[in-house]
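Here are some notes for your review, point by point. Please read them with the structure open.

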Amino acid sequence: MADGIYTPTGRRIWRRRSRPETLRRFGLWLIGVMIVVWAITGLNVHWPFVLDAPQQVADLAGRMMPPAWSFTGEIVAPMIETINIATLGTILACVLSIPVALLAAQNTTLNRTTLWIARVIVVTSRSINELVWAIIFAAIFGPGPLAGVIAIGIRSIGFTAKLIAEGIEEIDRGQVEAIAATGASRAKVIAYGILPQIMPTIVGVVTFRWDINIRQSSVIGLVGAGGIGITLNSAMNLFNWPQVTIILIAIFIVVMASEWVSNLLRKQFT
């Protein structure tokens, strides 16, 4: 709130904030600066490496050029596998997310216990990175695309279930009550009263998540979960930087294409 002070001559000078507000904001800024300085100090950064970074970037860029165009044919199959991992993982997440979302929404959950169980599942899925999930499932199922599909699917549950649950909480209760009044079972109420209302939300969330999963599927191969990441990791380990360049170009093209497809699908179905 604006405030003012008076000069010895009686003239009032307006201020944007009162003195207590100014001191409070200054204190918050000071605390923020102290936190940043403390965090940087705790990193133990070796500053000569930082100063040498521009020279290293220029050297690496020189070794990555020109791209190994002859290697293009070798990355087609891994890139298709990456897209398949993202697609199947998204489908798995969609199938698992809908029941979780129904339990995580306050107006469709069975009781307080199921509400909190569902929310724990949502938080657990979102809090663990896809690389960690990929490492876990690669250890269980062995390295390969199956571990990648399950890792992407489990990682996506939290995102999709949370947004779908928010859509369920905003549905028109009148339609649900009308179907329930006919004596329909709970399954029929969900099938005919709830799902039709949230279907645009499901389509929008799932297509958006598929777009995100394309990016994530390009990375999980670094830990052995299939896809183009395995090829990228091999090229980096062999210091074959021209091949790394062509792989990065391919990933960029696929990610841009997936974003275009995702936007197109959302416009068509939502």
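1. Start with Phe239. Its relative accessible area is 59%, so Phe239 is exposed, the cut-off being over 50%. Phe239 also has a positive phi, about 55°, although it is not a glycine. The residue sits in the loop between helix 9 (228–237) and helix 10. Keep in mind that this is a predicted model.

2. Another backbone point is at Pro66. The peptide bond joining Met65 and Pro66 is cis, with omega about -5°. Pro66 belongs to the loop between helix 2 (47–64) and helix 3.

3. Next, helix packing. Two packed helices are described by the angle between their axes and the distance between the axes. Helix 3 (residues 76–104) packs against helix 4 (residues 112–127) at about 130°, and the axes are 7 Å apart. The crossing of helix 3 and helix 4 is left-handed.

4. Which residues of helix 3 and helix 4 make the contact? Helix 3 contributes Val100, Leu103 and Ala104. Helix 4 contributes Thr114, Leu115, Ala118, Arg119, Ile121 and Val122. By class, the residues of this contact are seven nonpolar, one polar and one charged.

5. Now helix 7 (residues 173–181) and helix 8 (residues 186–217). Their axes come within 9 Å and cross at roughly 160°. That angle is over 145 degrees, so helix 7 is roughly antiparallel to helix 8. The crossing of helix 7 and helix 8 is right-handed.

6. On the helix 7 side, Gln175, Val176, Ile179 and Ala180 take part in the contact with helix 8. They meet Lys188, Val189, Tyr192, Gly193, Ile194 and Gln197 of helix 8. The residues of the contact of helix 7 with helix 8 divide into six nonpolar, three polar and one charged.

7. Ala178 also lies in helix 7. Is Ala178 buried, exposed or partly exposed? Its relative accessible area is 47%, so Ala178 is partly exposed. The C-alpha atoms of Ala178 and Ile253 are separated by 49 Å. Along the chain, Ala178 and Ile253 are 75 residues apart.

8. Ser258 lies in helix 10 (residues 241–269). The relative accessibility of Ser258 is 3%, so this serine counts as buried, the limit being under 20%. What does Ser258 touch, leaving out residues up to four places away in sequence? The partners are Trp210, Asp211 and Ile214.

9. Last, the aromatic rings. A pair of aromatic rings is described by the distance of the centres and the angle of the planes. The structure holds four aromatic pairs. In one of them, the ring centres of Trp133 and Phe137 are 5.8 Å apart and the planes lie at 20°, so the pair is stacked, the limit being under 30 degrees.

10. Where do Trp133 and Phe137 lie? Both are in helix 5 (residues 130–141), four residues apart, about one turn of the helix. Trp133 is buried, and Phe137 is buried too. Ring pairs also bring in Phe141, linking Trp133, Phe137 and Phe141 into a cluster.

How values were computed:
Residues numbered from 1 in each chain as written. Predicted model: local features only at pLDDT ≥ 70, side-chain atom pairs only at ≥ 80, totals over all residues. Heavy atoms only, no water. Axes fitted to C-alpha atoms, helices over the stretch in contact; angles between N-to-C directions. Helix = DSSP H or I, 4+ residues; strand = E, 2+ residues; numbered from the N terminus. Left-handed = near helix turned anticlockwise from the far one by under 90°. Contact = heavy atoms within 4.5 Å. Nonpolar A, V, L, I, M, F, W, Y, C, P; charged D, E, K, R; others polar. Buried < 20%, exposed > 50% of the residue type's maximum accessible area, 1.4 Å probe, protein only. Phe/Tyr/Trp six-rings, centres within 6.5 Å; stacked < 30°, edge-to-face > 60°. Parallel < 35°, antiparallel > 145°, perpendicular 65-115°, else oblique.
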